[in-house]
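Please prepare a briefing on the chain shown below, with the points grouped by topic and the terms given with their cut-offs.

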Amino acid sequence: MITLSETLDLAVAHHQQGRLREAETLYRQIIDADPRHAETLYLWGRLEHQQGHYQQAADRLARAVEIDSSQATFHHHLGETLRAQGKLERAIAAYRKATSLNADYAIAHSSLAATLEATGALAEAEAAFREALRVKPDLAAAHNNLGAILNQQQRWTEAQSCFEAALRIRPDMAEAHNNLGNALRGQARLAEAVDAYRQAIRLNADYAPAHFNLGAVLVKCGKLSEALVAFQEAVRLRSDDFEAIANLGAVWNDLGHVSEAIEACRRAIAINPNSYAAHGNLAVCLQSQGRLDEAIESYRTATGLSPDNAAQHSNLLYVLNYHPDYDAPSIFGEHLAWARRHADPHSDRCLPHTNDRSPARRLRVGYVSSHFRVHAVNSFSEGILASYDHNAFEVFCYSDVAPGLHDATTARLMGNVDHWRDIAGRDDEQVSAMIRGDRIDILVDLTGHIGGNRLLVFARKPAPVQVTYIGYQNTTGMKAMDYRLTDAWADPPGMTDSFYSERLVRLPRAFFCYLPSPDAPPVSRLPSIANDYTTFGSFNSFAKITPQVLAAWADVMTQVPNSRLILLAPVTDWLRQYVAQSFEQHGVDSQRVELCNRRPLAEYLDLVGHVDLALDPFPFNGHTTTCDALWQGVGVVTLAGKTYASRFGSTALVALGLNDLIANTQQEYIDSAVRLAKDRQRLQYLRMNLRDMMRNSAILDGPGFTRNLENVYREMWARWCAGR
């Protein structure tokens, strides 16, 4: 007669060879004969687990543990079954019992770590993975998983070491290559991250996370066409991956394919209505089409879904500046609300500053920007950085531009300053500590609430004097920002002061100096001489082109027969139809309006030369576009309002003595545009003389402007030294 031991051996043989039904029959026979046969209960439980019968497995394993609690393997596999059922706390208890019975049970330590990670207990999970590796250093999965935990904590270099250890053991581990890419991306080593993701894809072409991550880092590298392909592949592999679809939408938008972008964002929202990123990306697309009400609604939805996301909330603030129905008090209130939620709590905890309070000493001035490369802001910052008195000021730039995106502009800027700090990939605490370590006296923000800002660095008050300047057309709303630079035209004393959390400092002459692009073509002949009709143009973001603006332009064109209008915009079928209907309803043939897609800088400047007169939008004026047009010999008609955003661009006209091109009412704006369009002699004069006028004005006097700026900084510093 066969014994229970022999029956168990036979059952195990069946089990190992995949004959599960035969094995289960024998396990059942043994338990029928001996209900307390713990090893059989344990093996039967493992068999049930293999078949996905988790409750039956848990019952049998729990019974085995009850009969014999001294077996570490019983506890470990009970933990595995409990984890499969989502009973994580009970699973953790089982794993802990297993490791207490056998401190060298590597797999149990690893299972414990993975389950702790799933509950968010990262410190305990890290310790458990380290125990697993102490016992069995060649566990590639444990190295990889430990690295993933370190990645979550942004401990990038430690994580990198873990992934490299995993890959020494298993070079074909696609997941570890992907995770290594994440660690490298966290250190802003973007080219290396791309290589790591591509290696993961070579090992497993269907590994969707690697395609997704590759797309994300290619966006940061400015390689949008390649990023598009990567996101498309991620979506092909996971058609319901709303994050990949939302990112695909963002890339479509950046490439100028706004219709495809909107479609992708709406598809992502249909899959997951709670995706703040999808709503936020949709808002960006809608904003680019001038659909402000829809954009604001989507931004508010995104902010509501992610209330602690300061960057998303900043996007909402920015778009409010475009909308004519939001007045200065309401926009100011929105900025204060942003600051109360995201910034001011950090400011309340900031440490005192120990900077040397000598008023006349050499000052350390730092500039923070994510745009130290080809970007409109550098048309106004480069001339300053090139003109400093380095005997009196030691200049630092804190650049949030990944090294892989450095360009010729970056190189020029680097050559103009005393110290260059790359902060890409560093969190706000790290950057704040770096600035304190550099003992910066005056820290200047060049971004405001525009995308890529580092306002939460300023919220931590790393410098005793903090200033916001040039990049954004409104207040930051923050307690930690001390000053805002402007001038008496953009912010007339007493008109706007109450709508800033910062103290306004009005620079003499103008609040900016402009540096024309070295790619600017020569001034061309006045187009109307050859065309015998007037060509108007606007080269601003289409978000600024409100229905009121289109109506005013239609009125101008009605009064200037045969005139044409060139608009620079991300062209879509929707936008063509919208613009056509807008002009047709005002009696202007839409064939007189030409929509042109965005284009490289040199081509854009060449296009500017094809117009006789530029029309500035309102209530959000142009600035860089105004200066560019003037440099190309094109006059600009503008409407000045009662906020900085509706006045700052016309500072250039004031500096050139062209106040007659600045209207105070919409009717004056229309009349001025019509009058100038019919005055070909005046247009020709401007064409021939604007460049010399600019060269001889304050707005191209970089050294003179910088001396004024240095004096203002010195006054700010003296005020801080005196405790005021």
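**Helix pairs, sheets and local backbone**

Helices α13 and α14 are roughly antiparallel to each other, a class that takes angles over 145 degrees, whereas angles under 35 degrees count as roughly parallel, 65 to 115 as roughly perpendicular and the rest as oblique. This is a predicted model, in which local features need pLDDT of at least 70 and side-chain atom pairs count only at pLDDT 80 or more, while totals for chains, interfaces and linings use all residues. Residues are numbered from 1 along each chain as its sequence is written, and side-chain values use heavy atoms, with hydrogens and water left out. Helices (H or I, at least four residues) and strands (E, at least two) are DSSP runs, numbered from the N terminus.

**The chain as a whole**

- The secondary structure of the chain comes to 33 helices and 13 strands, and its C-alpha atoms fill a box of roughly 120 × 65 × 40 Å, taken along the principal axes.
- Buried residues make up 56% of the 724 residues in the chain, where buried means under 20% relative accessible area, exposed over 50% and partly exposed in between (1.4 Å probe, protein chains only).
- Among contacts (heavy atoms within 4.5 Å) between residues at least 6 apart in sequence, 65% join residues at least 24 apart.

**Helix pair α13 and α14**

- Helix α13 (residues 208-220) and helix α14 (residues 224-237) pack with their axes 8 Å apart and at an angle of about 160 degrees; axes are lines fitted to C-alpha atoms, for helices over the stretch in contact, and angles run from 0 to 180 degrees between N-to-C directions.
- The crossing of α13 and α14 is left-handed, a term used if the near helix is turned anticlockwise from the far one by less than a right angle, with right-handed used if clockwise.
- On the α13 side the contact involves A208, H211, F212, L214, G215, A216, L218 and V219, which meet L224, E226, A227, A230, F231, E233, A234 and L237 of α14.
- The residues of this contact between α13 and α14 divide into 12 nonpolar, 2 polar and 2 charged, with Ala, Val, Leu, Ile, Met, Phe, Trp, Tyr, Cys and Pro counted as nonpolar, Asp, Glu, Lys and Arg as charged, and the others, Gly among them, as polar.

**Helix pair α5 and α6**

- The axes of helix α5 (residues 72-84) and helix α6 (residues 88-101) come within 8 Å and cross at roughly 165 degrees, so that α5 and α6 are roughly antiparallel to each other.
- The crossing of α5 and α6 is left-handed, and the α5 residues in contact, including A72, H75 and L78, meet α6 residues that include L88, R90 and A91.
- The residues of the contact of α5 with α6 divide into 9 nonpolar, 3 polar and 4 charged.

**The seven-stranded sheet**

- An open sheet of 7 strands has the order β3-β2-β1-β4-β5-β6-β7, with parallel pairing; two strands pair if DSSP finds at least two bridges between them.
- Strands β3 (419-422) and β7 (503-507) stand at the edges with a single partner strand each, so one side of each is left without a neighbour in the sheet.
- Neighbouring strands of this sheet are turned by 25 degrees against each other on average, direction ignored.
- Strands β5 and β6 run parallel and are joined by 2 bridges, and V467 has Y483 in β6 as its bridge partner.
- Helix α33 (residues 702-721) packs on this sheet, touching β1 (363-369), β2 (393-399), β4 (442-445), β5, β6 and β7, and its direction makes about 145 degrees with that of β7.

**The six-stranded sheet**

- A second open sheet has 6 strands in the order β10-β9-β8-β11-β12-β13, and the pairing is parallel.
- Its edge strands are β10 (593-596) and β13 (662-663), each of which pairs on one side only.
- Helix α26 (residues 547-559) packs on the sheet and touches β8 (535-538), β9 (564-568), β10 and β11, with its direction at about 150 degrees to that of β9.
- Strand β11 (residues 613-615) runs parallel to strand β12 (residues 635-639) and is joined to it by 3 bridges, with L613 standing opposite G635 in β12.

**Local backbone features**

- A cis peptide bond with omega of about 5 degrees joins F618 and P619, and P619 is found in the loop between β11 and α29 (624-631).
- A188, a residue other than glycine, has a positive phi near 65 degrees; A188 lies in the loop between α11 (174-186) and α12 (190-203) and, at 12% relative accessibility, counts as buried.
- I470 likewise has a positive phi near 65 degrees in a residue other than glycine; I470 is found in the loop between β5 (465-468) and β6 (483-487) and counts as buried at 11% relative accessibility.
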